[in-house]
Amino acid sequence: MVYSEKVLDHFANPRNVGEIEDADGVGEVGNSKCGDIMKMYIKVDDNKISDVKFKTFGCGAAIATSSMATEMIKGKSVDDALQLTNKAVMEALDGLPPVKVHCSVLAEEAIKAAVSDYYEKRGIDKDIITK
């Protein structure tokens, strides 16, 4: 399996690893088929994601997609974060092998789960979050 330089870089030097103690939103998703589990934490100030961290248990591609996804939503509005697609994450990493595409889907779902939790904690009803 051949990975791009960006995938290897984000795997070897993942950005935003860890957890946020007083996170405004936390989302955890997993894929039972491959065993990958991603947990995303977001801190929101003035509807902007001021901080984002992740913990991922999984393969190199799962770690790389988590890292890239956090970089892509940091500083963005909550609504912009919801627009992030697995395709955009894959493109930012210069592609993934076909058998690893599900990792980018998990990254997208983890962000949506964290935003959904953020909305739920604030009693905001958002129908735009879909699985």
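Setting aside neighbours within four places in sequence, Thr 65 is in contact (heavy atoms within 4.5 Å) with Met 38, Val 89, Leu 93, Leu 96, Cys 103, Ser 104 and Ala 107. This is a predicted model, where local features need pLDDT of at least 70 and side-chain atom pairs count only at pLDDT 80 or more, while totals for chains, interfaces and linings use all residues. Residues are numbered from 1 along each chain as its sequence is written, and side-chain values use heavy atoms, with hydrogens and water left out.

**Around Thr 65**

- You'll find Thr 65 in helix H2, which covers residues 60-73. Helices here are DSSP runs of H or I with at least four residues, strands are E runs of at least two, and both are numbered from the N terminus.
- Thr 65 has 0% relative accessibility, so it counts as buried. The cut-offs are under 20% relative accessible area for buried, over 50% for exposed, and partly exposed in between, using a 1.4 Å probe and protein chains only.
- A polar atom of the Thr 65 side chain sits 3.1 Å from the backbone oxygen of Ala 62.

**The cysteines**

- Why don't Cys 59 and Cys 103 make a bond? The sulfur of Cys 59 has its closest cysteine sulfur in Cys 103, but the 3.7 Å between them is too far.
- Cys 103, one of the residues in contact with Thr 65, counts as buried because its relative accessibility is 0%.
- Cys 59 comes out at 22% relative accessibility, so it counts as partly exposed.

**The fold as a whole**

- The protein's secondary structure comes to five helices and three strands, and from the N terminus on the elements run α-β-β-β-α-α-α-α.
- Among contacts between residues at least 6 apart in sequence, 61% join residues at least 24 apart.

**Size and surface**

- The radius of gyration is 14 Å, which agrees with the value near 14 Å for a compact globule of 131 residues. That radius is taken over C-alpha atoms, and the globule rule is 2.2 Å times the number of residues to the power 0.38.
- Along its principal axes, the C-alpha trace spans about 45 × 25 × 25 Å.
- Of the 131 residues, 47% count as buried.
- The protein exposes about 6,700 Å², with carbon and sulfur atoms supplying 50% of that. Accessible areas come from the Shrake-Rupley method with a 1.4 Å probe, and for residues only the protein chains shown count as cover.

Definitions and conventions
A disulfide is a pair of cysteine sulfur atoms within 2.5 Å. A polar contact is a pair of N or O atoms within 3.5 Å; within protein, one must be able to donate a hydrogen and the other to accept it, and residues adjacent in sequence count only if both atoms are side-chain atoms.
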